[in-house]
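Please look over the model shown here.

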Amino acid sequence: MSEDESTAWPPAFRCAYDAFGDYLRLELARSGHTQRAYLGDLASLFDAMAALGAVRLQDVGIADLRGWLADQRLDGRSPATLQRRSASIRVFWRWARHTGLVEHDPAAALKAGRVPRRLPATLSQDAAAEVMDAADARGGESNDPAARRDAAILELLYATGIRVSELCGLDLDGIDWERQAVRVLGKGDKQRTVPMGAPAVAALRAWLAVREVWATDASGAAVFLGERGHRLDPRVARRVVHAGLAAAPGAPDLGPHGLRHAMATHLLEGGADLRTVQELLGHASLATTQIYTHVTNERLRSAFRQAHPRA
């Protein structure tokens, strides 16, 4: 939101917006992405309320909130976006009530529609092996830092299922060579240790053997670097994954999260229990991990339909 957009707001909205931003950042320690999403949702609401003539937070009622969400739906917002916006403003109004900015919480009775749960696209085990083998071959053919780094990125994402932000935030002292594991900082600043297999270890060692070619004073302890020596940008990591998958015929075009889905799905297909996968992925709730059981069940049903004579 620009300054020009917020000048149309009454002072009470402006002050509440700034204070809520501080709350998200300092007290809840939300990620930059979450802060931007929540504040963007609040700005959209304040724009709509100011246009209706509201000048105080107390002027906003449940009917206004429902009308705002209804307008969002008419504008073509997805169910997932509507659910997030509903969650954003519920968090804001609870905070406003708790801090005494309003006497009553108008969002207390607000309910968001359920988002249809879609099965995540993923790689088959054969396709994953093909992608990794191709990347390892490119990395092993020369001392090219880019090829070796990219192979290590693909191997590590698939081996551990870590998020792209966790990969980019990985430091050298976060690699436990003896235990063949990496220590990452996940959502909510929660640290976890995730094991990796021999191919990922080999790819990581190959990259670190040439890391000094790109390393500068700005590199710090970052494991993965860009060509100018800075810590790897998540956007670059995503491009690496897309390029790696494109090099394997028949592989779907997925981003880093697709490799995370593949790791979880293949673990369950191999007999891992759901709780273990939950811990490896760093999910706070087992319900989040259960989506992968639907993926494996759907594959079983597909195989049954294709192979059973009485399917």
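Arginine 148 is part of helix 7, which covers residues 145–160. The model is predicted. Arginine 148 has a relative accessibility of 15%. The cut-off for buried is under 20%, so arginine 148 counts as buried.

What does arginine 148 touch, leaving aside residues up to four places away in sequence? Its contacts are Gly139, Ser142, Asn143, Ala203, Ala206, Trp207, Ala209 and Val210. With asparagine 143, the side chain of arginine 148 makes a polar contact of 2.7 Å. Alanine 135 lies 13 residues from arginine 148 along the chain, and their C-alpha atoms are 8.3 Å apart.

**Helix 7**

Helix 7 is mostly covered, with 13 of its 16 residues buried. Its length also checks out. At 1.5 Å a residue, its 16 residues should span 22 Å, and the end C-alpha atoms are 22 Å apart, so the two agree. Glycine 161 follows the helix and has a positive phi, near 70 degrees.

**Cores**

Nonpolar side chains tend to be buried together in soluble globular proteins. The largest nonpolar core here has 51 residues. Leu123, Leu156, Leu167, Met196, Leu204, Trp207 and Phe224 touch the most other members. Several elements each supply at least two residues to this core, among them helix 6 (125–140), helix 8 (164–168), strand 2 (181–185) and helix 9 (198–208). Helix 7 gives the most, with 7 residues. A second, separate core holds 30 residues, including Tyr17, Leu45, Ala54 and Ala107.

**Cysteines and accessibility**

The structure holds 0 disulfides. Which cysteine is buried, and which is exposed?

| Residue | Relative accessibility | Class |
|---|---|---|
| Arginine 148 | 15% | buried |
| Cysteine 15 | 54% | exposed |
| Cysteine 168 | 5% | buried |

Cysteine 15 is therefore exposed, at 54%. Cysteine 168 is buried, at 5%.

**Confidence**

The protein chain averages a pLDDT of 86. Of the residues, 86% score at least 70. Over residues 1–5, pLDDT stays under 50. For that stretch the model has 7 contacts beyond four places in sequence.

How values were computed:
Residues numbered from 1 in each chain as written. Predicted model: local features only at pLDDT ≥ 70, side-chain atom pairs only at ≥ 80, totals over all residues. Heavy atoms only, no water. Helix = DSSP H or I, 4+ residues; strand = E, 2+ residues; numbered from the N terminus. Buried < 20%, exposed > 50% of the residue type's maximum accessible area, 1.4 Å probe, protein only. Contact = heavy atoms within 4.5 Å. Polar contact = N/O pair within 3.5 Å; in protein donor to acceptor, adjacent residues only side chain to side chain. Core = buried A, V, L, I, M, F, W, Y, C linked by side-chain atoms within 4.5 Å. pLDDT = per-residue confidence, 0-100. Expected span 1.5 Å × (residues − 1). Disulfide = S-S within 2.5 Å.
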